[in-house]
Amino acid sequence: MATANPKVTLYTYFRSSCSARLRIALALKSIPYTPVHINLLKGEQSGPDNTAVNPSATVPTLIIKFPADAGTESKTVKITQSLAALEYLEETFPDKGTHLLPPSSDPEARAIIRTLSSIISCDVQPVTNLRILKRVAPFGVDRAAWSKDLIEDGFAAYEAIAERSAGVFSVGDAISIADVCLIPAVWGAERVGVDLTKYPTIRRIAEALEKAAAVRDGHWTTQGDTPDEFRT
């Protein structure tokens, strides 16, 4: 799909793993963007400025404004779920930067990538995010222990699949959507004390990913809204 210098805006929070997926993907695609920082701890996700663009009251939101070009009208695309946004970036900008999916001639690899991505984005992240942690806190649940147990369950499933599919990265030797989902989950796992040595494939993939400039660009310690005490 031809594109003409679109203006890209990302509603993001420095410690949001879903936001990190898109920060990394945009860097991999060499697509510049303007961040709009939404402070989840202050509840800004539920404020009118965010809900006007994202009815789910979450981050990220990806907004791409395409100018009129060669007889086509200008248009604005808004995507409020990270996996849908990742697929959209690959389909809309297939020739920019890194390919996030293998070609359609390899449907098996594409299915494995989507399976691994879903383990993180459907099985792990939703039940360990801030919204759920706040809901379980009144029941006396230890938030770190809750997150650790659920992450370990998800990582065990990811490991079992990736140990067969991995090369340098989760599926072969190219960074994919699966890796873009995995590495922010690894950062979250480290914060709650998950022992990555139990998942040697994940650990090896994460170490390879940490060397990529795009991953460093998307890291939670390097964002415009990262508090000074967390910067590296």
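A crossing of two helices is called left-handed if the near helix is turned anticlockwise from the far one by less than a right angle, and right-handed if clockwise. The close-up views below are taken from a predicted model.

**Figure 1. Left-handed crossing of helices α6 and α7.** The two helices pack at an angle of about 145°, and their axes are 11 Å apart. Helix α6 contributes Ile-151, Phe-155 and Tyr-158 to the contact, while α7 contributes Ala-178, Asp-179, Leu-182, Ala-185, Val-186, Gly-188 and Ala-189. Sorted by class, the residues of this contact are 8 nonpolar, 1 polar and 1 charged.

**Figure 2. Stacked rings of Phe-14 and Phe-230.** This is one of 6 aromatic pairs in the structure. The ring centres lie 6.3 Å apart with the planes at 25°, so the pair is classed as stacked. Phe-14 belongs to the loop between β1 (7-12) and α1 (17-28), and Phe-230 to the segment after α9 (213-218), so the pair ties together parts separated by 216 residues in sequence. Phe-14 is buried, with a relative accessible area of 4%, whereas Phe-230 is partly exposed at 28%. Together with Tyr-13 and Trp-220, these two residues form one aromatic cluster. The charged end of Arg-15 sits over the ring of Phe-230, at 4.6 Å from its centre.

**Figure 3. Edge-to-face pair of Phe-155 and Tyr-199.** The ring centres are 5.8 Å apart and the planes stand at 85°; with a cut-off of over 60 degrees for this class, the pair is therefore edge-to-face. Phe-155 is in helix α6 (residues 143-165) and Tyr-199 in the loop between α7 (177-191) and α8 (200-209), so that distant parts of the chain, 44 residues apart, are linked. Both Phe-155 and Tyr-199 are buried.

**Figure 4. Lys-75 over the face of Phe-66.** The distance of Lys-75 from the ring centre of Phe-66 is 5.5 Å.

Figure 5. A cis peptide bond, with omega of about 5°, connects Val-59 to Pro-60. In Ala-57, a residue other than glycine, phi is positive and near 60°. Ala-57 has a relative accessible area of 17% and is buried.

**Figure 6. Positive phi at Ser-30.** Although Ser-30 is not a glycine, its phi is about 55°. Ser-30 occurs in the loop between α1 and β2 (34-37). Its relative accessibility is 51%, and Ser-30 therefore counts as exposed.

Notes
Residues numbered from 1 in each chain as written. Predicted model: local features only at pLDDT ≥ 70, side-chain atom pairs only at ≥ 80, totals over all residues. Heavy atoms only, no water. Phe/Tyr/Trp six-rings, centres within 6.5 Å; stacked < 30°, edge-to-face > 60°. Helix = DSSP H or I, 4+ residues; strand = E, 2+ residues; numbered from the N terminus. Buried < 20%, exposed > 50% of the residue type's maximum accessible area, 1.4 Å probe, protein only. Lys NZ or Arg CZ within 6 Å of the ring centre and 35° of its normal. Axes fitted to C-alpha atoms, helices over the stretch in contact; angles between N-to-C directions. Contact = heavy atoms within 4.5 Å. Nonpolar A, V, L, I, M, F, W, Y, C, P; charged D, E, K, R; others polar.
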